[in-house]
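Have the model open as you read.

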Amino acid sequence: SQFVAAPDTSLLAFDDYDSTSQAHVLKVMGTDGANEMTLANFKGGNIYPIVWSPNSQWIAFNYYSGFTEGAPAAEVYVVSRDGRTLSSIYKGTTVGRLVFSPNGKYLLVEETTSASGGHLFLVNLSTLETKMLAAPGLSTDFDWYAPSWRP
């Protein structure tokens, strides 16, 4: 599993997959491998990507399910680094990148496929309000790639 370091370098986040039970468990641990803690559990599916907020207090991740049934579903979650707060903040079909705003107040969700192409959604993490972003003069009838925040 890929280890994702917190910006403050205090913790590593990772998906601990058990092939026997088909369980995906999002965990964090110290950079020395100590103090492993479970943040979320899922049966089947896949957890990807895993991203940290700029202040290292939150982790956003996408949980994919339904691939084996031919009906993929994506659900984006945000969880506190101590695992006490887990919130579903977006549901879609296929999610590419997740990008926290520099101040950590918003999460950009890249929906890579839908009936009308790719879209970028902005989630206000305080209110959980979701807005589709549009760029004047640019069509949303194609996939968007590599979204980022301008400093």
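Predicted model: local features only at pLDDT ≥ 70, side-chain atom pairs only at ≥ 80, totals over all residues.

Start with a definition: two strands count as paired if DSSP finds at least two bridges between them. With that in hand, look at one pair of residues. Val28 stands opposite Met37 in β4.

First, the overall inventory. The protein has zero helices and 12 strands. Along the sequence, the pattern reads β-β-β-β-β-β-β-β-β-β-β-β. Of its 151 residues, 44% count as buried. The protein exposes about 8,200 Å². Carbon and sulfur atoms supply 53% of that area. Now the contacts. Take those with a sequence separation of 6 or more: residues 24 or more positions apart account for 33% of them.

How many of the eight residues of strand β3 are buried? The count is eight of the eight, across residues 23-30. A residue is called buried when its relative accessible area is under 20%. Strand β3 is therefore largely enclosed by the rest of the structure.

Which strands pair with β3? One is β2, residues 11-18. Strands β2 and β3 run antiparallel and share eight bridges. Within that pairing, Ala13 has Val28 of β3 as its bridge partner. The hairpin of β2 and β3 has four residues between the strands. In this hairpin, Gln22 takes a positive phi near 60°.

Another partner of β3 is β4, residues 37-43. Strands β3 and β4 are also antiparallel, joined by six bridges. Here Lys27 stands opposite Thr38 in β4. The hairpin of β3 and β4 has six residues between the strands. Gly33 in this hairpin takes a positive phi near 90°.

Now move further along the chain. An open sheet of four strands has the order β9-β10-β11-β12, and its pairing is antiparallel. Strands β9 (94-100) and β12 (130-132) stand at the edges. Each has a single partner strand, so one side of each is left without a neighbour in the sheet. From one strand to the next, the twist averages 25°. The partner of β9 is β10, residues 106-113. Their antiparallel pairing runs over five bridges.

Is Asn124 buried or exposed? Its relative accessible area is 17%, so Asn124 counts as buried. What does Asn124 touch? Leaving aside residues up to four places away in sequence, Asn124 touches Lys105, Tyr106 and Glu129. A polar atom of the Asn124 side chain also lies 2.8 Å from the backbone nitrogen of Ser126.

Technical notes: Residues numbered from 1 in each chain as written. Heavy atoms only, no water. Buried < 20%, exposed > 50% of the residue type's maximum accessible area, 1.4 Å probe, protein only. Helix = DSSP H or I, 4+ residues; strand = E, 2+ residues; numbered from the N terminus. Axes fitted to C-alpha atoms, helices over the stretch in contact; angles between N-to-C directions. Polar contact = N/O pair within 3.5 Å; in protein donor to acceptor, adjacent residues only side chain to side chain. Contact = heavy atoms within 4.5 Å. Areas by Shrake-Rupley, 256 points an atom, 1.4 Å probe, with all protein chains shown as cover.
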